[in-house]
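This report covers strand pairing, helix packing and the nonpolar cores of one model. The sequence and structure come before the details.

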Amino acid sequence: MFKILDLFSGIGGFSLGLESTGHFETVAFCEIEKYPQKVLKKHWPGVPIYEDIREMDTRGLFPDIITGGYPCQPFSNAGKQRGEKDPRHLWPEMLRIIKETKPRWILCENVYGHIRLGLDTVLDDLESEGYTTWTFIIPACSVGAPHQRKRIWIVAHTDSKRGRLWKPRNEDAKNVGQPSRSSKFGVWDFEPNVGRGANGVSSRVDRLKGLGNSIVPQIAQTLGETIIKYETN
């Protein structure tokens, strides 16, 4: 089993997707928000949850893969786009943990605007630590969701040769710089309609926030399956 250290965990999308392959298990989460912590405790009872990545002590942690959707606000088109100058820029903390634990694999996700703001720094940081990196634009529609939700995915690995080791499973997943095609049903929405006007739903605001911040687990599952194939060939 490949051990996952799941940072910026949210409601557990990375762990859900990777564990669905049958080859990964989560050894620790890091999530600061209270409602997602409740979700994680319910579905992963007994797995420790670190609260603040800035205070996280990594002694005793030996992950094979670190995952994380580090905060997107510094790079989002909907925000002020301050990038690395934004006080919510927490990539340096994730990098610190990578340096301390030295996992074989890194899997990250962020918003489309990250291409223009901050992505080069992240890739340079990883490569300076000996990782080979691959970046992709993978929309939610590539795994059958009825919306685009374009996101940047970063895969990094130590001790590997540069080259085209990664091939999209279908035509919806494109390398960075190539736009996703529309579906045969027309242009899909960039974000899902999660019923923001719903009433009478318990913890509605927290649930909607959790869904909005989450990744698409099926994409993590697909990338996890590719990692396993690469490790076993």
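## An enclosed strand

Strand E5 (residues 105-111) has seven of its seven residues buried, so the strand is largely enclosed by the rest of the structure. Buried here means under 20% relative accessible area, exposed means over 50%, and partly exposed lies in between, with a 1.4 Å probe and protein chains only. Strands (E, at least two residues) and helices (H or I, at least four) are DSSP runs numbered from the N terminus.

The model is predicted: local features need pLDDT of at least 70, side-chain atom pairs count only at pLDDT 80 or more, and totals for chains, interfaces and linings use all residues. Residues are numbered from 1 along each chain as its sequence is written, and side-chain values use heavy atoms, with hydrogens and water left out.

## Strand partners of E5

Two strands count as paired if DSSP finds at least two bridges between them. E5 pairs with strand E4 (residues 65-68) in the parallel sense, over four bridges; Ile 66 has Ile 106 of E5 as its bridge partner. With strand E7 (residues 151-158), E5 runs antiparallel, and seven bridges join the two. Val 155 in E7 stands opposite Leu 107.

## Helix H4

In helix H4 (residues 119-128), the buried residues are Leu 119, Val 122, Leu 123 and Leu 126. These residues cover an arc of only 95° around the axis, which puts them on the same side of H4; the arc is that of the directions from the helix axis to the C-beta atoms. Asp 120 and Ser 128 are exposed on the other side of H4.

The cover over the buried residues of H4 includes helix H3 (91-101), E5, strand E6 (131-137) and E7, where contact means heavy atoms within 4.5 Å. Gly 130 follows H4 and has a positive phi, near 95°.

## Nonpolar cores

A nonpolar core is a set of buried Ala, Val, Leu, Ile, Met, Phe, Trp, Tyr and Cys residues joined through side-chain atoms within 4.5 Å. The largest one has 27 residues, of which Leu 7, Trp 91, Met 94, Ile 106, Leu 126 and Ile 154 touch the most other members. At least two residues of this core come from each of strand E1 (2-7), strand E2 (24-30), H3, E5, H4, E6 and E7. H3 gives the most, with five residues.

Leaving out residues up to four places away in sequence, Ile 106 touches Ile 65, Ile 66, Met 94, Ile 98, Leu 126, Tyr 131, Ile 154, Val 155 and Ala 156.
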